[in-house]
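Dear colleague,

I am passing on the structure below, and after it I set out what was found. Please read the notes with the structure open beside you.

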Amino acid sequence: MSPTQHYGVAVVGGGPVGMLLAAELGLRGVRTVVLERHTRTVDQPKAGTLHARTVQSLARRGLLPTGRGGAPDRAATTPFHFAGLPGLTISAPAVEGRPIAGRSQADLERDFERRARELGVEIRRGHEVVGLAQDPDRVEVTARLGDGRHATVTADYAVGADGARSAVRALAGIASDEHPPRVAALLGQVRLLDPAGTPPGWNLTPRGWTVVNVNPFGHSRVITFDFDGPHPDRHAPVTLDELRSTASRIAGHDIPMDDAVFTSRFSDFARLARRYRDGRVLLAGDAAHVHFPVGGQGLNLGLQDAFNLAWKLALVVRGEAGKGLLDTYHDERRPAGRRVVDNTRAQLALMRPGDDMAPLRALFTELLGLDQVSAHLGDMISAQETAYRAAPGSPWQGRFLPNLALEAEGEETCVAALLHTGRPVVLLFPDADPRLAGTAGAWSRTVDVVRVRCAHRLPWDALLLRPDGYVAWTPLQGRRATPQDLRGALRQWFGEPRGPAPLPAAG
Ligand SMILES: Cc1cc2nc3c(=O)[nH]c(=O)nc-3n(C[C@H](O)[C@H](O)[C@H](O)COP(=O)(O)OP(=O)(O)OC[C@H]3O[C@@H](n4cnc5c(N)ncnc54)[C@H](O)[C@@H]3O)c2cc1C
């Protein structure tokens with residue numbers, strides 16, 4: 001029998017969230033293994049919408065393009081919907097690129113897997129995790145292989161990114177807040193036999209909703225929302241007849257279709273794990289939260305979990321983290337999960353068919369026409385409202401730093417480009433106290449220090465930026481940064497300075 005392998009992190013589940021997390025850990029040199037039960041990526045029509053904050057985060061690793069130059073307050077906009085009501089505009093700074101990018105979930109998963117492998121992550125497919133035990137020093141994870149044998153690995157930490165029915169969550173005994181299902185939804189990838197007679201887009205009738213991406217030349221995606229109660233059997237296969245009769249009943253006329261290449265059923269069951277961390281076990285993605293997929297937020301939420309968790313976990317594994325850093329993952333991400341669970345439930349309440357809801361929907365449609373309302377809801381759906389650990393007297397602390405155009409060492413650069421390495425960065429602007437570079441230099445093993453110029457007037461002379469793009473520290477409003485304040489912030493986030501990284505051994 002081969003000896004048990006030990007890793008810094010074992011990621012359970014190689015869906016998009018697990019693969020991104022693994023790639024982010026690989027980027028930081030953490031010895032990482034992914035245990036995934038499927039032997040290959042499963043192509044199923046699921047997420048296809050990357051919202052603005054995800055686009056911006058991926059751009060900070062060079063995985064999506066940013067926008068080009070210009071003032072940070074110039075906006076790019078895209079129309080979206082709220083609860084199926086048209087009129088919502090999602091807006092993002094033009095310097096960030098597009099507010100929405102389209103990418104299939106399976107393609108994204110493949111991209112992240114490729115990147116993770118290139119960064120040295122070990123991906124073990126055909127490994128279904130069935131056992132997990134932790135002690136104060138490590139986690140032991142056991143997987144069942146396709147041939148019935150078992151394999152065990154140990155790791156400093158294990159992350160359950162194993163989806164809605166997470167084995168890790170169950171094995172770790174992490175309880176959840178749950179909302180039982182009330183809506184029965186069907187999805188099918190079918191050939192429409194009367195595409196011109198099929199109502200395209202989001203359509204509400206007195207009996208429910210049809211949501212159809214009509215493709216007259218190939219397969220169309222047909223979704224139905226039926227508010228008459230949950231599926232009697234959530235796991236029963238969906239037949240073409242069931243999809244056709246449900247869509248036709250809701251639409252009020254026949255919607256002929258054939259050649260179903262994919263069908264599934266889902267519901268509005270919602271769950272939010274009470275803890276995202278239990279000792280050496282953490283949860284990310286659908287393992288931590290599930291909700292109705294209105295607004296295309298679930299995958300985005302999970303990818304943001306991965307961006308938030310990976311750098312913290314890497315610093316902890318490498319012994320370069322400040323006290324309590326890993327606990328900030330739960331503190332920061334669970335409220336984000338709660339926000340999405342709540343907003344999807346609110347949208348579903350608005351979507352309920354019936355005359356009594358019509359005036360409320362009409363009122364909401366009016367409200368969506370107000371810029372402030374549209375901006376508020378757009379920032380919520382696109383997660384651009386997310387901010388962490390705000391600090392009184394320091395209005396930028398905790399906020400996502402826009403992709404400012406900068407000049408460093410005589411070269412043009414930008415905020416996003418400075419984060420490609422996935423390391424925290426101290427930005428020193430021309431007015432900064434010259435001693436700050438020496439202060440930050442003591443943490444050079446962990447933190448990059450970059451002297452920059454910016455054409456725009458900025459409210460700080462120095463700033464500490466987290467690898468996920470959020471501002472970790474600025475001087476208090478109207479004050480200059482002092483070495484003492486910067487040292488305090490660096491110590492809080494990264495512990496005592498450990499000097500530069502050791503040189504590789506000669507020879
Ligand atoms: C119809 C529909 C449309 C959607 N549209 C959108 C959208 O437009 N935008 C959006 O943001 N979200 C959308 N979502 C939600 C999105 O699909 C999920 O949030 C996303 O799949 C979560 O990714 P994940 O990696 O956390 O989990 P998953 O994608 O479920 O991946 C979990 C992985 O873990 C593996 N696994 C499970 N158990 C084990 C085990 N015991 N051992 C080893 N491996 C295991 C699985 O095989 C899988 O590969 C949609 C969902 C549905 C149903």
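Aspartate 259 counts as partly exposed because its relative accessibility is 37%, where buried means under 20% relative accessible area, exposed over 50%, and partly exposed in between (1.4 Å probe, protein chains only). This aspartate 259 sits in strand E16 and, although not a glycine, has a positive phi of about 50°; helices (H or I, at least four residues) and strands (E, at least two) are DSSP runs numbered from the N terminus. Most residues other than glycine have a negative phi. Glutamate 409 likewise has a positive phi of about 50° without being a glycine, but lies in the loop between strand E21 (405–408) and strand E22 (411–414), and glutamate 409 is exposed, with a relative accessible area of 79%.

Before going further, please note that this is a predicted model, in which local features need pLDDT of at least 70 and side-chain atom pairs count only at pLDDT 80 or more, while totals for chains, interfaces and linings use all residues. Residues are numbered from 1 along each chain as its sequence is written, and side-chain values use heavy atoms, with hydrogens and water left out.

Serine 220, in strand E15 (residues 220–226), counts as buried because its relative accessibility is 0%, and its side chain reaches the backbone nitrogen of asparagine 215 at 2.8 Å. Leaving aside residues up to four places away in sequence, serine 220 touches Gly188, Gln189, Val190, Leu192, Asn213, Val214 and Asn215, contact meaning heavy atoms within 4.5 Å. Isoleucine 255 is found in the loop between helix H5 (240–251) and strand E16 (257–267), and counts as buried at 2% relative accessibility. With the sequence neighbours up to four places away again not counted, the residues that isoleucine 255 touches include Leu192, Thr198 and Arg244.

Finally, leucine 363 belongs to helix H8 (residues 358–368) and, at 43% relative accessibility, counts as partly exposed.

Best regards

Methods: A polar contact is a pair of N or O atoms within 3.5 Å; within protein, one must be able to donate a hydrogen and the other to accept it, and residues adjacent in sequence count only if both atoms are side-chain atoms.
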